[in-house]
Amino acid sequence: MQTPRKDFTTVTLVLIPVAIAINIAVGQLIYTLKIPLYLDSIGTVLVGVLAGPWAGALTGLLSNLIWGLSGLNPTYAPFAAAAAAIGLLAGLFAESGWLRAWWKVVLAGLITGLVAAVISAPIAAYVFGGVTGAGTDVVVAIFRSFGFGVLPSSFAQGVSSDPLDKAVSFFIVWMIVRALPMRFLARFPRAGSVK
Amino acid sequence: MTEALGLYVPGESRVHQLHPLTKLTFVGFILLGGLALPGIWTTYALLFLVVAPLAWLGRVLRELVAATWRVALPFAISVFLIQGFLWPNGTPFLGSGVISLKREGLVFAVTSTGRILTVVSSFLWFAFTTRPDALMAALAQRGVPASLTYILLATLQIVPRFRARAAAIIDAQRARGLETGGSLLRRAQGVLPLVVPLILSSLIDVEERALAIEARAFNHPGLKTSLIEIEQAAWEPAARWAAILGAIGFLLLRLWFSLNR
């Protein structure tokens, strides 16, 4: 891993708020389309890919804290650690050259989703009683009725939604980065890891 | 800031006049109390004895109750239905056989709902009574790097603009025949034509913004002054320390209870 300080150029600092706004705006767009995905970490993944794992982690962390402190979605704030992990992993996968072939992109997204589910499950179980208040709670209900504990059921809920969600997010980011002109990409500290 | 993200309710109350960091430490105190203290009803005691009076002092009690209700209700319903009724091998409390409310599940659901209410209401109380730019100015005065406060403030300003842009893109694509209703497959096909233009158009701004803030001495290392002066009452630093010590006390109490069980 390179030194984090080099990644925080002015362009990175400007990209981060735009990325957080992308998280919020796309998340709400998907919500209005009533599609069973969240897609609320596209911006976080984008920063991880273009500006490295540390900038990605910071984007995820701040994203969820702003979601909480602005009152827009207070239930997101406790999951800030999971969001930071998503940005961190996106950066690490890009660094190791996983963002050059589409199937590796999808695989990286699936793994990231799995890690996010592992981190989120104890938070959901402890703070929110293991439920999300959304449709995926059916999974929690099924696992509970089979006699599984609160934590495993909450983890099962995460596995049922997070890996697919992150795979789609990674894929969208990959498509977008490939569509961007090299002249633009060259401004970012980690542009080399994509093209 | 004319239009910004957030739920801030303008007001002149004593809570509005508190230093943002004082309110932030109060949120931390409530969160740690709600999440760390043992017992089923402790969170509810905290809600009635701390959060509600604070909201009443800030003249936002009605807004807070309404917003907390809206956010927490789906969680509460889910947790009561799933954990209350489907608690494996629980003692039936109401009803009989498979369709019965279990005593253990009910206790768990009541405890969880208390925690959910604590988290949601404390964040909302902060959002209702704190101007986002005042929080940033206060953080900057405490030596938080300008880059970090820039990120937070810029986000709050960009989000409303992005929402407007998202609405415009939806309208434009609909005008070109994109269907945003119908079956799940139909709606899923709409994701890319909506998301990709939104992200690409927002990235175009990045370069321009970077040049703009660099031209305004963003990277200049010297001392910068703020347009907003954040004032605080003489007792506030003491109140902050009390809240921090109280929060540490909650953690120690929790530890003590866990060890003596």
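**Questions on chains A and B**

Me: Where does B:Ala217 lie?
Reply: B:Ala217 is in the loop between α9 (191-215) and α10 (236-259) of chain B. Helices (H or I, at least four residues) and strands (E, at least two) are DSSP runs, numbered from the N terminus. This is a predicted model, in which local features need pLDDT of at least 70 and side-chain atom pairs count only at pLDDT 80 or more, while totals for chains, interfaces and linings use all residues. Residues are numbered from 1 along each chain as its sequence is written, and chains are lettered from A and ligands numbered from 1 in the order in which they are written.

Me: Is B:Ala217 buried or exposed?
Reply: B:Ala217 counts as exposed, because it has 10 C-beta neighbours inside 10 Å. A residue is buried if 20 or more other C-beta atoms lie within 10 Å of its own, exposed if 12 or fewer, and partly exposed in between, with C-beta atoms placed from the backbone.

Me: And what is the phi of B:Ala217?
Reply: The phi of B:Ala217 is positive, about 60 degrees, although the residue is not a glycine. Most residues other than glycine have a negative phi.

Me: What about B:Asn89, what is its phi?
Reply: B:Asn89, also not a glycine, has a positive phi of about 55 degrees. B:Asn89 is in the loop between α4 (61-85) and β1 (92-96) of chain B. B:Asn89 counts as exposed because it has 7 C-beta neighbours inside 10 Å.

Me: Which domains does the assignment give for chain B?
Reply: The assignment gives domain 1 (8-130 + 231-261) and domain 2 (144-227). Such bounds come from an automatic or database domain assignment. The C-alpha centres of domain 1 and domain 2 of chain B are 33 Å apart.

Me: Helix packing next. At what angle do the axes of α2 and α5 of chain B cross?
Reply: The axes of α2 (residues 20-36) and α5 (residues 103-129) of chain B cross at roughly 175 degrees and come within 9 Å. Axes are lines fitted to C-alpha atoms, for helices over the stretch in contact, and angles run from 0 to 180 degrees between N-to-C directions. The crossing therefore makes α2(B) roughly antiparallel to α5(B). Angles under 35 degrees count as roughly parallel, over 145 as roughly antiparallel, 65 to 115 as roughly perpendicular and the rest as oblique.

Me: Which residues make that contact?
Reply: From α2(B), they include B:Leu24, B:Val27 and B:Leu31, and from α5(B), B:Val119, B:Phe123 and B:Phe126 are among them. Two residues are in contact if their C-beta atoms, placed from the backbone, lie within 7 Å. The residues of the contact of α2(B) with α5(B) comprise eight nonpolar, five polar and two charged. Ala, Val, Leu, Ile, Met, Phe, Trp, Tyr, Cys and Pro count as nonpolar, Asp, Glu, Lys and Arg as charged, and the others, Gly among them, as polar.

Me: How far apart are the axes of α6 and α7 of chain B?
Reply: The axes of α6 (residues 132-141) and α7 (residues 146-175) of chain B are 9 Å apart, and the helices pack at an angle of about 175 degrees. That makes α6(B) roughly antiparallel to α7(B). The contact includes B:Met136 and B:Leu139 of α6(B), and B:Leu152 and B:Leu156 of α7(B). By class, the residues of this contact are eight nonpolar, one polar and one charged.

Me: Turning to chain A, how many helices and strands does the secondary structure come to?
Reply: Chain A has eight helices and zero strands. Buried residues account for 59% of its 195 residues.

Me: Where is A:Gly109 placed?
Reply: A:Gly109 is in helix α5 (residues 102-127) of chain A. A:Gly109 counts as buried because it has 29 C-beta neighbours inside 10 Å. A:Gly109 and A:Val168 are 59 residues apart in sequence, yet 7.3 Å apart in space, C-alpha to C-alpha.

Me: Finally, how many residues does the contact take from chain A and from chain B?
Reply: The contact takes 50 residues from chain A and 60 residues from chain B. On the side of chain A that touches chain B, α1(A) gives the most, with 17 residues. The residues of that side divide into 35 nonpolar, 11 polar and four charged.
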